[in-house]
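Here's a quick briefing to read with the structure open beside you.

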Protein chains: 2
Amino acid sequence: MTGNIRPSRPRQPERPVRQENLRTLNLELVFRHILAAGQPISRTELATSTGLTRPTITRIAEELLAGQLIAETSLTHNGRAGRPRVGLTLSGRGPAGLGLDIRADALAACVVDLTGTVRHLAFTPSTFAGRSAPDVLTRLAHMARAALDAMAAEDLTVVTATLAVPGPVHDGIARSAPELGWRNVDAGALLRGAIAPLDLPLTVDNQANLAALGELYASDNTLDSFVYVSGGLGIGAGIVVDGQLMRGARGWSGELGHVTVHPDGKPCPCGSRGCLQTYASLQAILSDAPVPGGATPEVTVTEHAEAGSPATLAALDTAGTTLGIALADMLNILDIDTILLGGSFSLLASWLTTNIRAEIAQRVLSTAWAPITIRPALLGPDAAVIGAALTSIDQIRQHPTAWLTRPPSRSPASPA
Amino acid sequence: MTGNIRPSRPRQPERPVRQENLRTLNLELVFRHILAAGQPISRTELATSTGLTRPTITRIAEELLAGQLIAETSLTHNGRAGRPRVGLTLSGRGPAGLGLDIRADALAACVVDLTGTVRHLAFTPSTFAGRSAPDVLTRLAHMARAALDAMAAEDLTVVTATLAVPGPVHDGIARSAPELGWRNVDAGALLRGAIAPLDLPLTVDNQANLAALGELYASDNTLDSFVYVSGGLGIGAGIVVDGQLMRGARGWSGELGHVTVHPDGKPCPCGSRGCLQTYASLQAILSDAPVPGGATPEVTVTEHAEAGSPATLAALDTAGTTLGIALADMLNILDIDTILLGGSFSLLASWLTTNIRAEIAQRVLSTAWAPITIRPALLGPDAAVIGAALTSIDQIRQHPTAWLTRPPSRSPASPA
């Protein structure tokens with residue numbers, strides 16, 4: 001029998017290296033080696049590790065130094081005679097990335113430099129009940145402006161910004177953020193329009209995804225594949241597989257809050273029934289309990305639980321069990337062995353983890369022969385804003401020549 | 001405030017191209033261009049598209065022709081005067097890949113050549129009740145041997161084999177295949193040991209994953225991201241995102257059959273309760289209905305449904321609804337917009353699709369602004385064995401030099 005099946009999709013055929021792109025490729029090669037070194041590296045070591053000649057390394061190093069992508073530093077004297085060698089390392093004075101986040105209880109801004117160091121982290125407590133999207137984004141724009149000005153005073157140039165929103169994003173539009181009462185909000189345009197001049201390239205992205213990236217960066221490469229669960233008034237998840245964020249076909253992956261745990265269960269504002277969110281969000285845990293003025297839902301739940309409130313403890317019991325059922329579905333589908341409890345769930349982990357573990361042990365097929373790790377996330381509520389800032393600066397890390405060849409007139413950090 | 005976050009995991013720094021690997025890189029570059037052309041391509045066109053010189057193309061073409069990776073063919077005369085030009089295309093006489101599959105009702109073997117053409121497809125009806133794994137794999141080994149001999153007579157050399165098993169696989173071990181009564185079976189070793197000499201490199205892989213790859217190849221690049229649902233006595237799924245199979249952290253992704261649809265529902269042999277499998281597998285649909293001798297569960301269900309059996313129609317109703325609930329969970333988690341119903345579900349699609357659609361419309365958040373496609377798979381029950389053969393030959397497509405530099409003594413297709 002003979003049939004016809006098309007061969008596998010071929011990768012895009014490449015073209016051979018040519019003279020005109022050789023300089024760029026070698027510059028990026030050297031930059032990647034400095035990035036990967038993780039500590040100061042000498043020109044001689046760079047020549048050895050890249051295979052490029054010493055004069056080429058010298059020329060490229062000059063270019064990277066002039067562009068403030070790298071800096072010179074003394075290498076540790078290695079015990080031999082002679083003067084200490086000079087090492088090259090990432091610069092803390094050149095480009096930086098801005099992260100912005102709209103949390104349930106606060107607005108946040110963060111700047112990270114090329115070395116991955118947090119240089120600025122600010123938040124303003126805020127509740128969103130009854131406040132319009134333009135109003136919220138104007139306040140956030142003022143925080144962004146303050147961050148840019150503070151960084152300019154430290155010789156850092158913020159080149160790009162990333163905004164985290166709690167809900168799915170497509171083509172820059174926040175499709176649905178029930179926590180904020182948003183539906184199809186062009187958050188980027190509102191933010192840019194709110195205060196002039198904020199003429200930075202701006203990307204709007206999902207909060208759980210950015211928080212997962214924050215945790216990946218912060219884990220010092222000990223994490224590889226994991227699910228970051230973002231708990232709060234809504235529930236989302238960021239999925240990282242082999243060190244890469246899994247965004248899904250259209251960027252809407254990780255809608256854990258709308259996984260069904262009881263098909264005929266409680267109605268959910270999304271229009272379905274029995275979504276995890278109706279059992280395990282802060283709102284569901286609080287039920288009708290009032291949140292005192294000045295307190296957040298998260299703090300209120302924690303206080304009630306610590307005081308031994310039977311209603312709150314029962315609600316946390318249900319939340320843990322339903323979270324376990326939904327996470328078990330996720331693990332059976334994705335085959336991931338690590339779960340990080342983030343957002344409010346990191347604070348509530350001690351009341352949730354036992355039930356989550358029990359459901360996963362019962363329901364995930366692979367637990368019969370391989371264990372699952374469940375632990376609180378590291379960065380707490382700052383995960384998304386730090387992840388957003390890191391995502392912004394990562395664009396320069398991946399494409400340093402974009403920074404070197406930027407138009408000279410463009411100076412986004414200049415005060416208004 | 002200043003914190004310390006490690007920079008993003010740098011990609012493995014590359015080394016510059018050197019003389020010693022230049023020949024290999026250029027040969028693979030030319031081969032990829034021939035692969036991507038999809039039709040015969042002349043040496044002149046190759047020189048233009050790769051940027052390599054004509055003498056280099058000529059030398060590489062000789063090497064590829066001598067290795068039977070490509071063949072010469074006449075190009076369509078393009079209307080100008082002179083003799084028709086000679087084109088280069090993939091060879092149908094060189095290396096080939098073997099696929100083997102253990103289906104619920106049959107054993108199957110398939111050979112695909114470098115052009116992606118099915119050159120051999122055989123199956124032997126079989127039921128596995130009461131038969132040992134060595135017994136089943138010995139029969140399959142005889143089919144593999146018959147396929148190798150038939151291909152040798154057509155000047156094809158089978159270089160590698162892939163075996164599909166219905167369940168999760170780790171380190172070559174079939175961890176759990178309840179359909180076959182297997183637990184921790186080293187299927188590869190049994191297959192290789194069953195009949196000598198079957199000294200091919202052999203990979204054991206999950207049936208749903210291989211079937212998804214079969215559908216990807218067969219779709220002629222119209223599919224990009226989709227879930228392939230494999231229905232039968234068990235239920236599995238193969239997940240393809242951006243043209244790549246998503247295997248999960250340890251290769252156990254897609255355990256759709258063990259997604260929970262009713263937390264306190266029917267007990268499942270896996271030890272959990274309310275797994276999709278307990279509502280939507282062929283076994284669950286058949287319930288206590290007897291399968292006549294000679295018929296398969298699949299055919300029995302179809303016959304009862306066509307005859308209007310109220311019990312079977314009610315069972316299909318439940319199967320469709322529960323499949324819809326579990327698939328909705330999967331889509332909320334993965335964000336994929338296309339579902340292919342494969343295995344037995346492709347035959348039962350007309351009884352299942354309405355309910356699947358209704359549940360997805362209610363439960364998947366993104367359906368509010370973007371549609372989901374649900375349709376039967378193209379390849380029917382042969383998807384996995386064809387996917388397995390394509391996976392085998394794909395190793396040569398990706399690394400043609402592995403074929404060119406193989407040891408001359410190794411002639412896997414030589415008869416025993």
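In chain A, the strands β9, β10 and β11 line up in that order as an open, three-stranded sheet with antiparallel pairing. The edges belong to β9 (169–170) and β11 (182–185) of chain A: each has a single partner strand, so one side of each is left without a neighbour in the sheet. Keep in mind that this is a predicted model.

- If you want a spot to look at, go to A:H170, whose bridge partner in β10(A) is A:I173.
- A handy rule for looking at any sheet: in a regular strand the side chains alternate between the two faces.

- Is β6(B), residues 106–113, largely enclosed or left open by the rest of the structure? Seven of its eight residues are buried, so β6(B) is largely enclosed.
- On one pairing, β6(B) runs antiparallel to β5(B), residues 95–102, over seven bridges.
- Within that pairing, B:D101 has B:A108 in β6(B) as its bridge partner.
- The link from β5(B) to β6(B) is a hairpin through three residues.
- β6(B) also pairs with β7(B), residues 117–125, again antiparallel and with seven bridges.
- Here B:V112 sits opposite B:V118 in β7(B).
- β6(B) and β7(B) make a hairpin too, with three residues between them. In its turn, B:G116 has a positive phi of about 90°.

**A β-α-β unit in chain B**
- Which elements make up the right-handed β-α-β unit? They are β16(B), then helix α11 of chain B (residues 344–363), then β17(B).
- The two strands, β16(B) at residues 338–343 and β17(B) at residues 373–376, pair in the parallel sense over four bridges.
- To find the pairing on screen, look for B:L341, which stands opposite B:P376 in β17(B).

**Helix packing**
- Two packed helices are described by the angle between their axes and the distance between the axes.
- In chain A, α9 (residues 297–306) and α11 (residues 344–363) pack at about 10°, with axes 10 Å apart.
- Angles under 35 degrees count as roughly parallel, and α9(A) and α11(A) are therefore roughly parallel to each other.
- Their crossing, α9(A) with α11(A), is left-handed.
- In chain B, α9 (residues 297–306) and α10 (residues 310–334) pack at about 110°, their axes 8 Å apart.
- That angle makes α9(B) roughly perpendicular to α10(B).
- The crossing of α9(B) and α10(B) is left-handed.

**Domains of chain A**
- How does the domain assignment divide chain A, and into which residue ranges? Domain 1 takes 23–76 + 84–90, domain 2 takes 95–210 + 383–404, and domain 3 takes 220–377.
- Between domain 1 and domain 3 of chain A, the C-alpha centres are 45 Å apart.

**A loop residue: A:S366**
- You'll find A:S366 in the loop between α11 and β17 (373–376) of chain A.
- Is A:S366 buried or exposed? With 24 other C-beta atoms within 10 Å, A:S366 is buried; the cut-off for that is 20 or more.
- A:S366 and A:D335 are 31 residues apart in sequence, and their C-alpha atoms are 8.1 Å apart in space.

Conventions:
Residues numbered from 1 in each chain as written. Chains lettered and ligands numbered in written order. Predicted model: local features only at pLDDT ≥ 70, side-chain atom pairs only at ≥ 80, totals over all residues. Domains from an automatic or database assignment. Pairing = 2+ DSSP bridges. Right-handed = clockwise from strand over helix to strand, strands pointing away. Buried ≥ 20, exposed ≤ 12 C-beta atoms within 10 Å, placed from the backbone. Axes fitted to C-alpha atoms, helices over the stretch in contact; angles between N-to-C directions. Parallel < 35°, antiparallel > 145°, perpendicular 65-115°, else oblique. Left-handed = near helix turned anticlockwise from the far one by under 90°.
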